[in-house]
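Biologist: Please take a close look at one part of this model for me. Where should I start, and what should I notice along the way?

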Amino acid sequence: MVSAVLAELLPARRSVLNQAVADARHRWPGLDMAAFSAFVTQTIDPLCQAIPSATQGACEAAFEIGLELVAQGHAGPKARLPWVEQAWRSLAPALAPLLAHAPRETLGTISNAVVRLGASPDVRVAQWIDAMAAHAGGCTSLPELRDIGALCAWQAGMVQLRRPALARIDALPANTVAAVLGIDAGDLASVRVQLEQDRWWNPRQGSVDLRGHRVGSFSGLDGAFPAPPQVRAATEGFVVESAGGYFLLLADAFGAVLLPASAAEYAAGSSSGPAPDVTARLGVQWMAPALSKDDLCAVSGASGIALFSPWSHHVHVLPPQ
């Protein structure tokens with residue numbers, strides 16, 4: 001059973017929506033219509049009720065986009081991850097003005113964002129949704145929405161967006177940027193300089209957290225590395241090799257991510273480590289209790305220090321000491 005809002009829309013646009021279903025079933029023969037019906041009831045209907053000023057256009061766009069998301073396993077009761085539904089329920093209503101103006105593009109933007117964020121196990125997708133719901137409601141255009149989305153994604157651990165987000169700060173309202181960063185608007189200029197200069201400095205704390213981040217784990221347990229990794233320093237982060245696979249490891253104050261890399265990038269990396277006394281000190285503080293200091297390997301570069309071991313599937317990245 002759906003609300004009166006959606007109950008009025010469905011008959012009025014029946015031919016259009018039926019054609020959308022027919023097209024979707026042709027494109028995705030395995031489309032689960034029961035799952036899509038549940039998505040309509042549990043997600044599209046509450047969204048339509050939350051945005052009466054944009055009901056017809058937004059609900060029709062939600063119906064058509066929802067077919068694709070359910071067919072691809074991103075939405076509905078059988079979805080692999082909950083992020084699309086959470087974003088549509090928590091974030092989309094906050095974007096009512098944009099939904100009224102460009103419903104398909106707005107829903108597509110936030111759906112694509114959470115699917116991409118959810119593909120990285122080290123990114124905090126729920127934090128991104130909450131931040132966007134709190135700070136993106138005043139967006140007046142899709143480019144502004146995407147820029148705020150990149151800033152919030154960086155803060156949620158998508159480290160590869162650090163430089164693009166910093167480059168777009170001046171194009172965004174200062175109060176919004178300050179709120180996302182957790183600072184006073186009057187401090188924005190000096191904070192931006194600090195963020196440009198030190199990737200490990202956290203404006204919320206006004207300091208560097210020396211604990212760093214741990215990434216990786218065994219691929220047999222949904223991790224990234226089939227074998228204990230080897231690490232080399234690169235210009236931006238580290239390049240990691242594991243069983244013939246290569247990864248670019250980026251880290252800063254807000255998180256760490258693994259991206260695809262090549263054998264050539266690994267070969268060009270540096271294997272030099274910090275001074276032996278530094279390595280020993282770090283080993284006492286960070287390595288697993290079961291390992292001895294002789295099992296610890298360390299590589300240092302401009303973006304920090306990476307600790308790894310032939311007995312572990314993890315890499316621990318720390319700020320420069």
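Modeller: Just after helix 11, Gly-182 takes a positive phi of about 75 degrees. Keep in mind that this is a predicted model. Now step back into the helix itself. Helix 11 covers residues 174–181. Its buried residues are Thr-176, Val-177, Ala-178, Val-180 and Leu-181. These buried residues pack against three partners: helix 8 (125–135), helix 9 (142–155) and helix 12 (188–197).

Next, the cysteines. A search of the whole structure finds one disulfide. That disulfide joins Cys-48 to Cys-59, with 1.7 Å from S to S. Cys-48 sits in helix 3 (residues 33–50), and Cys-59 sits in helix 4 (residues 55–71). The two are eleven residues apart. Cys-48 is buried, because its relative accessible area is 1%, under the 20% limit. Cys-59 is buried too, with a relative accessible area of 2%.

Cys-139 is in no disulfide. For Cys-139, the nearest cysteine sulfur belongs to Cys-152, 9.0 Å away. Cys-139 is buried, at 5% relative accessible area. Cys-297, in contrast, counts as partly exposed, at 28% relative accessibility.

Last, a helix pair. Helix 5 (residues 83–91) and helix 7 (residues 103–118) pack at about 140 degrees, with axes 9 Å apart. Angles over 145 degrees would count as roughly antiparallel, so helix 5 and helix 7 are oblique to each other. Their crossing is right-handed. In helix 5, the meeting residues include Trp-83 and Trp-88; in helix 7, they include Leu-107 and Ile-110. The residues of this contact divide into nine nonpolar, two polar and no charged.

Notes
Residues are numbered from 1 along each chain as its sequence is written. This is a predicted model: local features need pLDDT of at least 70, side-chain atom pairs count only at pLDDT 80 or more; totals for chains, interfaces and linings use all residues. Side-chain values use heavy atoms; hydrogens and water are left out. Axes are lines fitted to C-alpha atoms, for helices over the stretch in contact, and angles run from 0 to 180 degrees between N-to-C directions. Helices (H or I, at least four residues) and strands (E, at least two) are DSSP runs, numbered from the N terminus. Angles under 35 degrees count as roughly parallel, over 145 as roughly antiparallel, 65 to 115 as roughly perpendicular and the rest as oblique. A crossing is left-handed if the near helix is turned anticlockwise from the far one by less than a right angle, and right-handed if clockwise. Contact means heavy atoms within 4.5 Å. Ala, Val, Leu, Ile, Met, Phe, Trp, Tyr, Cys and Pro count as nonpolar, Asp, Glu, Lys and Arg as charged, and the others, Gly among them, as polar. Buried means under 20% relative accessible area, exposed over 50%, partly exposed in between (1.4 Å probe, protein chains only). A disulfide is a pair of cysteine sulfur atoms within 2.5 Å.
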